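Here is a short briefing to read with the model open beside you. Take a look at the fold, then follow the notes below.

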Amino acid sequence: MPLAISLIAPSSFTPEDDIERGVRGLESLGVTVRRPAPLQRRTRYLAGDREWRLAQLHAAYADPDTQAVWAVRGGFGCAQLAAGIDWARLAGRPKPLVGYSDLTALLHQCHLHGLPAIHAPVVKAAGALLDGSADERTVVRRQFEETLALIRGSASLDYPLTAWHDAPSRREGPLVGGNLITLASLAGTPLAFRAPPGALVILEDVGEPYYRLERALWQLVQAGALDEAGAVCLGTFEGCRPYDETPLEAIVAETLAPLGLPFYHGLPVGHGLHNRPWRYGATGVLEEGRLSVAG
C-alpha cells in the first residue's frame with residue numbers, strides 16, 4: 001500500500017542538503033513526502049518562529065492525503081508549541097506523529113490527548129539509506145521499514161535488553177518516555193512528565209556528561225515522575241561522557257534505589273546507529289531478555 005507523509009520542522013533549523021537527503025532516502029522506500037514551501041523560516045537556531053511551526057503542524061494534520069506527520073529533526077522547540085495546539089482539530093485526523101529526541105515532549109502530549117505517536121528516527125536520518133556503509137544501510141533500512149509498518153497499522157516487534165542485577169524477570173505496562181534531558185526539562189511546567197501506573201519508561205540521550213544525566217534522572221525522581229512506573233529501560237547514551245570508571249548503570253541504580261524501581265539496559269533505541277521504533281503507549285512485556293510489543 002503506498003504511503004504518504006507530511007513533513008514538518010517543529011524544532012531546530014536543518015540545512016537544506018540534509019533535508020533533501022532524508023527525503024530522497026524515504027522516497028527510496030516508496031514513501032511520498034509532502035512538505036510546505038518553504039518548510040523553514042529560520043529564526044535563530046529554530047526552523048521558524050512559534051507561530052510558523054505551529055501553523056505547519058496544524059496544516060500537516062489537516063492534509064487528507066497523508067497517513068503520518070513526521071519530523072525532519074529534533075533539537076529544541078517542540079515544548080514551545082504544546083500550549084498552542086488545537087488538540088480537537090488534530091483529533092479530527094488522528095494520524096501518528098513520528099520522531100524522537102526533542103519530539104519527546106509532543107509524543108507524550110499526543111498520548112495524553114488520545115492521539116497516536118511513534119518514537120522513531122527522524123526523516124533526516126533516512127539520508128543514511130543513500131550513502132552509509134552497507135552495514136549501516138542495512139540497520140537503518142530495517143528501522144525505517146519497522147516505522148512504516150507501525151504507521152500502516154499493526155506490527156508486532158521485539159527488542160533485546162538486559163536486566164540489571166535483581167530486576168524481576170517479567171514486567172508488563174505501557175511504553176512511555178524518550179529523551180531524558182527533554183523529560184527533565186519539562187518538570188515544573190504544565191507539560192511535566194508523569195509515568196502512568198506500571199509504565200515501562202524508556203530513556204535515552206546523547207552527548208551529555210554523566211553528571212548531567214544523573215541530575216536529570218534525580219530531577220524526575222524528586223518530581224514524582226516515576227512514582228507509579230513499573231520499570232525503567234535504558235536505551236543508548238551515544239557520546240555521553242563518564243567522570244570516572246563508574247558505569248552509567250550503577251549511577252541509575254543508585255538514583256532509582258529510593259523508589260525500589262527495577263531497570264533494564266541495552267535497548268536499541270536512541271541517538272546512535274541503532275534506533276528502533278516503538279509505538280508510544282503500546283503495551284510492552286519484559287521477559288527473558290526481550291521487550292515484546294504486540295501489534
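Ile5 has Ala68 in strand 3 as its bridge partner. This is a predicted model, in which local features need pLDDT of at least 70 and side-chain atom pairs count only at pLDDT 80 or more, while totals for chains, interfaces and linings use all residues. Residues are numbered from 1 along each chain as its sequence is written, and side-chain values use heavy atoms, with hydrogens and water left out.

Pairing of strand 1

- Strand 1 and strand 3 run parallel and are joined by 4 bridges; two strands pair if DSSP finds at least two bridges between them.
- Strand 2 (residues 31–34) is also parallel to strand 1, with 4 bridges joining them.
- Within strand 2, Thr32 stands opposite Ala4.
- A right-handed β-α-β unit is made by strand 1, helix 1 (residues 16–27) and strand 2; right-handed means that, with the strands pointing away from the viewer, the path from the first strand over the helix to the second runs clockwise.
- Helices (H or I, at least four residues) and strands (E, at least two) are DSSP runs, numbered from the N terminus.

Burial of strand 1

- Because 6 of the 6 residues of strand 1 are buried, this strand is largely enclosed by the rest of the structure; buried means under 20% relative accessible area, with a 1.4 Å probe and protein chains only.
- Leu3, Ile5 and Leu7 point one way, and Ala4, Ser6 and Ile8 the other.

Helix 2

- Buried residues of helix 2 include Trp52, Leu57 and Tyr61.
- Among the elements covering them, by contact (heavy atoms within 4.5 Å), are strand 1 and helix 5 (104–112).

Methods: Buried < 20%, exposed > 50% of the residue type's maximum accessible area, 1.4 Å probe, protein only.
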